[in-house]
Amino acid sequence: MASRLRTVRTSSEPKGIFAAVGAFLDEHHLSPEPANYAFAYDVICNPQGRRAREVAALASDGVRLMAADVVRLGGAAKGAPLALAPMSASDADFASPIPTYQPPVGSQNLQPHQPHAAERTHGDELATRTLAQIEEFSDTLRSIHHETNHFGRDLAETAEAIRTSGAAAGVERISHLTAAMIERVHQAETRLEQAKSETAELRAALEEARTSAQTDPLTELLNRRAFDDHFTALPRGTAVAVAICDIDHFKRVNDGFGHAVGDRVLKLVAQQLERETACTIARYGGEEFALLFELDDETEVLARIDAARDAIATRHLRVRETDRPIGTINFSAGVALGRASETLTPLMERADRALYAAKQAGRGRTIVAP
């Protein structure tokens, strides 16, 4: 994103500003509604302003902003598909650092997902829509029940008229009753079909919100909360092994190549761990990953972790635009064996102590907690 801001050429002429704003909206797939236009206008015309700086920070690795980010920064992007498809992590696919933005001292790569105010507001909106949908269904059912009762009563009165006055007296009334009921049934079907369509949309929105709440936005792995929930849901007594993997010397990558390259490294490690370990995996911290194996075979656990480490080590990573080599990426790991009847916390503490021992022993290895 910083590169886009850097290459935009504007002037004080309205046409230049309009073109730049239009390009910004197009890049982020934002509809040209007033709120989005105002947001883009502020970013373009105030490149040193708070919004422009935060936009540069959030999108420094070239991905588009998330909808929640735009809302949080003061824009409105309802319905705008902002997410960019994940970029591949092939050997030459690591973006070069963007010189126009330097993260503040002490800042870290995009952190594991923590819901902020905009996302909580979105969740409240979905809850309100769900309640409204339930109430609408109830109203429709009450209406159908009411109409059915009236129709039954009217039919009973018509049958009584036929018995007392003859069939001819009831034919016209039955015709009117039938036509009215058909119209009422048609209206009820229309309302139910509309409610069905709205329910499908609401279900999709709820599923998207649920997935977003459980997923780390950078690596697309589970986040910490989802990992903890998965462990809690295991049947008591299930044999488990938990592992904590931490990328070795990751700060050197960030300091030497920038956070954009650091993000690519995190994605690569996530992909290899997911592919080789065949277990439940989450991004648990900045450069830490938590693994949950539903087995207590120490040899098997170590073999899978080593397979991931070897797969990462064989990659000859370099910065795409400069061809500068990044060097070998490795990680240390600590493992703890136990049962799902335990709480997760003591298992993770044991794995963390084993990880510390692996770091102290020279890194690039796995140690199992006693």
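**Confidence and overall make-up**

Author: The mean pLDDT of the protein, where pLDDT is the predictor's confidence in each residue, from 0 to 100, is 75, and 58% of its residues reach 70 or more. This is a predicted model, in which local features need pLDDT of at least 70, side-chain atom pairs count only at pLDDT 80 or more, and totals for chains, interfaces and linings use all residues. Residues are numbered from 1 along each chain as its sequence is written, and side-chain values use heavy atoms, with hydrogens and water left out.

Reader: Over which residues does pLDDT stay under 50?

Author: Where pLDDT is low, the predicted coordinates should not be read in detail. Here pLDDT stays under 50 over residues 76-93 and over residues 95-107.

Reader: How many helices and strands does the protein have?

Author: Helices (H or I, at least four residues) and strands (E, at least two) are DSSP runs, numbered from the N terminus. The protein has twelve helices and five strands.

Reader: How is the pairing of strands read, and which strands pair with β3?

Author: Two strands pair if DSSP finds at least two bridges between them. Strand β1 (residues 239-247) runs antiparallel to β3 and is joined to it by six bridges; A243 has L291 in β3 as its bridge partner. Strand β2 (residues 280-283) also pairs with β3 in the antiparallel sense, over four bridges, with R283 opposite F289. Four residues lie between β2 and β3, which form a hairpin.

Reader: Is strand β3 largely enclosed or open?

Author: A residue is buried under 20% relative accessible area, exposed over 50%, and partly exposed in between (1.4 Å probe, protein chains only). Five of the six residues of β3 (residues 288-293) are buried, so the strand is largely enclosed by the rest of the structure. Of the 370 residues of the protein, 38% count as buried.

Reader: Why does the length of helix α10 agree with its number of residues?

Author: The expected span of a helix is 1.5 Å times one less than its number of residues. Helix α10 (residues 259-277) has 19 residues and should therefore span 27 Å; its end C-alpha atoms are 26 Å apart, which agrees. In α10, 15 of the 19 residues are buried. A278, which follows α10, has a positive phi, near 50°.

Reader: At what angle do helices α8 and α12 cross?

Author: Axes are lines fitted to C-alpha atoms, for helices over the stretch in contact, and angles run from 0 to 180 degrees between N-to-C directions. The axes of α8 (residues 224-232) and α12 (residues 344-360) cross at roughly 120° and come within 11 Å. Contact means heavy atoms within 4.5 Å; F227, D228 and F231 of α8 and L344, L347 and M348 of α12 make this one.
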